[in-house]
Amino acid sequence: MSRPTKANIVIDMKDVDKDDEMDEMGIDATEAKTSRKKRSVVWKEFEIITNSGDMKARCNHCKHNLAYKKGGATTHLKRHLKLCTPRKATLVGKDKGPKQSLLSFDVTEGDEMLSIFKYDKGKVREELVKMFVVHEYPFRMVEHEFFTKFCRSLNPKVYVPHGTFSGFRMEVAEKNPKFLSLGTSHTGLAIADSISECLIDWGIEDKISTITLDNASSNDLDVRVLKENFEAKEKLHFGGKIFHVRCCAHILNLMVQDGLTEVRDVIENIRESVKYLKLSPSRLYKFNEIVKSLKLSTSKRLILDVPTRWNSTYAMLECALENKSVFSRYKERDYNYKWLPSDEDWKRAAEVSKFLEVINDVTKVFSGRKYPTSNLFLRQIWKVRKMLNDMSTDNRDFVKRMTLKMKEKFDKYWGECNLVMAIGAVLDPRYKMKLILYSFPKIYPAYDFQRHIDDVRESLQFLYKEYLSVDSQINSSMSGATYDSQAKKQKTDDFDEWVITNSDIIPGNKSEIDMYLDEGVYKPGNEEYEDFDALNWWKANSLKFRHLSKMARDILSIPITTVASESAFSAGGRVLDQYRSSLKPETVQALICMGDWLRQDFGVELASNAS
């Protein structure tokens with residue numbers, strides 16, 4: 001029987017009488033016992049074979065044969081395992097070992113570029129949590145079968161474990177504000193106690209100069225209690241002149257709601273018409289077909305308003321007016337339709353819509369969250385007052401009723417000067433005192449506007465002296481050096497006398513506030529005017545106005561509405577919905593704060609529920 005040629009003979013490890021641990025230590029193979037097992041880790045991934053009489057070490061992953069000599073070292077085998085691509089692929093997803101990099105094509109400006117992609121399970125989990133928190137998706141969605149299938153279609157390695165959202169709560173809870181439950185008592189005293197508890201917890205109980213609240217009746221009491229507490233501790237800053245700021249957006253909303261109650265009959269037919277059409281898909285389809293046949297340029301669909309929300313009423317009127325010609329044609333096709341607005345109804349609705357458009361534009365300015373707003377409000381309030389004055393001369397009964405109702409609300413809340421709003425406007429270099437002098441005679445009665453102007457001047461000087469006093473105390477404590485003022489005096493000569501007689505001299509004792517007001521107003525370019533940031537201007541001029549810039553920084557940062565905070569924390573139906581009704585308070589706290597921070601960082605806006 002002839003022996004086979006070129007055969008691969010597998011040699012049992014037990015038959016090898018020398019392991020490489022002994023080889024690398026230089027121990028002679030003949031001195032080792034043949035029954036001893038190999039202990040090097042490489043032999044878990046290699047096997048020894050013979051190929052045509054030569055002994056080889058075969059990789060279990062790539063089946064590549066490497067040189068091996070009985071009693072030889074294993075360094076080259078270890079080096080091979082580090083570079084073995086099939087071995088890397090088997091280790092992807094395990095806790096230890098290298099991860100395989102995948103090649104992908106990135107398209108940049110039309111050009112395809114080869115790049116390396118490495119799957120990172122931690123990064124995938126982090127981005128998934130951000131997506132659910134920012135867009136407020138139900139957490140259970142990660143367990144849905146087709147959500148998992150979708151993720152696997154993007155990358156087969158994606159695995160979303162249960163409890164994905166359990167780890168982020170504690171990280172966020174360490175740095176977010178404190179939430180307090182008021183329980184069943186929502187009285188002004190209970191609110192004041194809760195606010196004081198938060199201030200103490202944050203360590204700022206002696207640093208509060210202003211508090212901004214809406215116009216709920218309980219807030220008047222809690223502001224009074226807080227003010228008395230600060231006054232008793234002698235920590236009522238600026239004499240309490242700017243302690244309480246009423247939310248301007250809330251006042252505007254109350255004013256418009258009161259006005260609209262007087263003109264409900266004006267828009268009743270339009271509201272009933274929209275309701276009639278939207279209750280039936282077939283009617284709405286027929287209406288939209290008429291829109292297409294007329295080739296109207298509008299792309300707006302009919303919107304049914306919520307009577308308690310004036311902005312939705314404005315949206316309804318705006319859409320209905322653009323489709324005005326369609327309603328009469330629809331009447332010809334539907335004999336059950338009984339609410340066709342008359343020509344007079346459309347004229348009245350157009351007047352109401354025109355008024356609401358101005359209010360809507362003002363509200364957008366009031367609702368700003370990414371720029372200082374206290375310097376912008378006075379000009380908007382003047383626009384509203386001017387519109388009310390113009391409407392008061394209208395002879396139509398519905399306009400008079402609406403205007404009278406809104407002027408009563410305007411005078412109730414803005415009959416007295418809002419100092420934060422006025423001082424904020426003065427600290428805008430585009431306005432200074434010019435806007436005060438121009439708008440106050442139009443906002444306040446002729447017998448009273450000068451009193452308000454004088455009050456703004458006095459308050460401005462008072463606040464500036466407060467800041468000057470604080471800075472002087474800081475400077476005196478930092479510098480212990482004294483000097484003889486007489487030694488610093490210089491003798492006058494002929495040049496000094498010539499300058500005095502031939503030049504305009506700026507007094508050396510002129511304050512920063514006087515210098516600022518005496519200068520002309522700043523006029524940015526047309527393209528820069530709308531995007532002008534008063535805080536950036538003061539930052540750039542902080543060396544010139546060292547004390548006044550600090551005052552401007554603080555005043556302009558005062559929120560004059562509660563829109564931003566209500567937007568962030570009015571989370572009842574959004575965060576605690578039917579899918580999240582069992583969340584713990586700490587988790588809700590983390591969701592609200594983390595979601596708001598991430599939306600600010602990435603410029604994401606939640607969809608509005610107005611429509």
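## Helix H9 against helix H16

The crossing of H9 and H16 is right-handed (left-handed means that the near helix is turned anticlockwise from the far one by less than a right angle, right-handed that it is turned clockwise). Helix H16 covers residues 397–414, and its axis lies 7 Å from that of H9 at an angle of about 155° (axes are lines fitted to C-alpha atoms, for helices over the stretch in contact, and angles run from 0 to 180 degrees between N-to-C directions). That angle makes H9 roughly antiparallel to H16 (under 35 degrees counts as roughly parallel, over 145 as roughly antiparallel, 65 to 115 as roughly perpendicular and the rest as oblique). Helices here are DSSP runs of H or I with at least four residues, strands are runs of E with at least two, and both are numbered from the N terminus.

On the H9 side, the contact involves Cys248, Ile251, Leu252, Leu254, Met255, Val256, Asp258 and Gly259. Their partners in H16 are Met402, Lys405, Met406, Lys409, Phe410, Tyr413 and Trp414 (contact means heavy atoms within 4.5 Å). Sorted by class, the H9 contact with H16 holds eleven nonpolar, one polar and three charged residues (Ala, Val, Leu, Ile, Met, Phe, Trp, Tyr, Cys and Pro count as nonpolar, Asp, Glu, Lys and Arg as charged, and the others, Gly among them, as polar).

## About the model

This is a predicted model, in which local features need pLDDT of at least 70 and side-chain atom pairs count only at pLDDT 80 or more, while totals for chains, interfaces and linings use all residues. Residues are numbered from 1 along each chain as its sequence is written, and side-chain values use heavy atoms, with hydrogens and water left out.

The protein chain has 28 helices and eight strands. Of its 611 residues, 37% are buried (buried means under 20% relative accessible area, exposed over 50% and partly exposed in between, with a 1.4 Å probe and protein chains only). Among contacts with a separation of 6 or more, 67% join residues 24 or more positions apart.

Met255 sits in helix H9 and is buried, with a relative accessible area of 0%. Beyond residues up to four places away in sequence, Met255 touches Ile359, Val384, Leu388, Met406, Lys409 and Phe410. Met255 and Met402 are 147 residues apart in sequence, yet their C-alpha atoms are 9.9 Å apart in space.

H9 (residues 248–260) also packs with helix H14 (residues 343–366), at an angle of about 170° and with the axes 10 Å apart. H9 and H14 are therefore roughly antiparallel, and H9 passes H14 in a left-handed crossing. Cys248, Ala249, Leu252, Met255, Val256 and Leu260 of H9 meet Val352, Leu356, Ile359, Val362, Thr363 and Phe366 of H14. The residues of this contact divide into eleven nonpolar, one polar and no charged.

## The nonpolar cores

The largest nonpolar core has 90 residues (a core is a set of buried Ala, Val, Leu, Ile, Met, Phe, Trp, Tyr and Cys residues joined through side-chain atoms within 4.5 Å). Leu356, Ile359, Leu427, Phe440, Trp538, Leu548 and Met551 touch the most other members. Leaving aside neighbours within four places in sequence, Ile359 is in contact with Leu252, Met255, Val256, Trp310, Val384 and Met387. A second, separate core of 14 residues includes Val129, Phe132, Phe139 and Phe147.

## Arg385, a buried charged residue

Arg385 belongs to helix H15 (residues 377–391) and is buried, with a relative accessible area of 9%. Not counting residues up to four places away in sequence, Arg385 touches Lys407, Phe410, Asp411, Lys442 and Ile443.

Helix H7 (residues 188–202) and H8 cross at roughly 45°, and their axes come within 7 Å. That makes H7 oblique to H8, and the crossing of this pair is right-handed. H7 contributes Gly188, Leu189, Ile191, Ala192, Ile195, Ser196 and Leu199, while H8 contributes Ser218, Asn219, Leu221, Asp222, Val225, Leu226, Asn229 and Phe230. The contact of H7 with H8 comprises nine nonpolar, five polar and one charged residue.

Phe243 lies in the loop between helix H8 (217–232) and strand S8 (244–246). At 2% relative accessibility, Phe243 counts as buried. Apart from neighbours within four places in sequence, Phe243 is in contact with Ile208, Ser209, Thr210, Ile211, Val223, Leu226, Lys227, Phe230 and Leu236. Phe243 and Leu226 are 17 residues apart along the chain, with 9.7 Å between their C-alpha atoms.
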